[in-house]
Number of protein chains: 2
Amino acid sequence: MRIAILLFDRMTALDAIGPYEVLRYAKDAEVVFVGKRKGEVRAGSLGLVVDAELADVPAADIVLVPGGSGQVDLMTDDEVHDWLRRIDRTTTWTTSVCTGSLVLAAAGLLNGRRATSHWLALDQLPQFGAVPTEERVVFDDKYVTAAGVSAGIDMGLELANRIAGDFAAQAIQLGLEYDPQPPHDSGSPAKAPAELVANMRENSRFFLQGS
Amino acid sequence: MRIAILLFDRMTALDAIGPYEVLRYAKDAEVVFVGKRKGEVRAGSLGLVVDAELADVPAADIVLVPGGSGQVDLMTDDEVHDWLRRIDRTTTWTTSVCTGSLVLAAAGLLNGRRATSHWLALDQLPQFGAVPTEERVVFDDKYVTAAGVSAGIDMGLELANRIAGDFAAQAIQLGLEYDPQPPHDSGSPAKAPAELVANMRENSRFFLQGS
């Protein structure tokens, strides 16, 4: 099972690494990190390595597009859109995390489909033909989109569940000791203090493009 | 606030990237990824970039040691142990995720201290003088250890809480949309099916050193 994960400058590393750590343990997975040019991209203070260029990876069972502030540049990147449309014809699952769904949508792959994104970016989906859906992981046929950043871990587990079954998904969860115990319960706009949600909405440009 | 995160070959990427995505948003954080040699290390199919060598980073407010199968090589690595002992004299928080705690312990930094690790490695801590503690995040004075892999996210949030306060920790959690909804509740040996736990204990070498 070949999994192609797109890397680009000013992406959010956890968007890609969360599902990577899950899916690498699912059924004979072979993961390749793809980008426009081989070599380093920067995700804030972290350098990640692109091992294969877009043209080197014309097909995959799963393709994954992460988000992060660099997503903005990808919205008008024909080379990336062409690659996504081409690889999509070969995939079993076409997926995104966080604002990666906006890139899938801009490439024309989410027309009329239910999709999610980072909660601060959800309202941008209709401009690109997708139907915003407030769920943590949204499946519409083979198109799977996860909400902000850490939602990619849950998306990975949902996919592992469908691909390899309950027992495998439980084993991966236990292997990653994914038994979340955050000190607060403020991980969604419905649960966080209203003042905080309002503050972040007002400053959404900082949060979505600040890194 | 300077945060030094150790990178090494055959580490688990999520051990480092989970807390990185949290702590980078805490109070004027400046994160540096450190290793034995500048350039690429491999975390499975993923290349991560070491930007600074050990000698370049003699001091930090927070040091973080991730785990993964490459931890085994670090157990007898005097250069890494010397660096950890030296930087520890400058830190406010000395931290680890997953089997990274075994490296801190091997460097002599957890003598008599309560600590945790990946659940499959917890029983190794006493050999290196630490007191195994079955909690997701363990604070003993300035020494903070997280359980397996994904526990680093919770550790990051606990640290953000203490460093920057409730509101900042809640904002980071909301920014990362950390509202976990895994398809199963099998993230700890106490919650997973007993058959699965037994199976993984029997094959722990595969799970701890398989990547």
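**Buried and exposed residues in a predicted model**

Biologist: Why is Cys98(B) called buried?

Modeller: A residue is buried if 20 or more other C-beta atoms, placed from the backbone, lie within 10 Å of its own, exposed if 12 or fewer, and partly exposed in between. Cys98(B) has 34 C-beta neighbours inside 10 Å, so it counts as buried. Its phi is near 55°, positive in a residue other than glycine.

Biologist: What makes Asp141(B) exposed?

Modeller: Asp141(B) has 9 other C-beta atoms within 10 Å, and is therefore exposed. Its phi is also positive, about 55°, although Asp141(B) is not a glycine. Asp141(B) lies in the loop between strand E10 (137-140) and strand E11 (143-146) of chain B; strands are DSSP runs of E, at least two residues, and helices runs of H or I, at least four, numbered from the N terminus.

Biologist: Which residues are buried in helix H3 (residues 78-88) of chain A?

Modeller: They are Val80(A), Trp83(A), Leu84(A) and Ile87(A).

Biologist: Why are the buried residues of H3(A) said to line one face?

Modeller: Seen down the axis of H3(A), they fall within an arc of 100°, so they line one face of the helix. The arc is that of the directions from the helix axis to the C-beta atoms.

Technical notes. Residues numbered from 1 in each chain as written. Chains lettered and ligands numbered in written order. Predicted model: local features only at pLDDT ≥ 70, side-chain atom pairs only at ≥ 80, totals over all residues.
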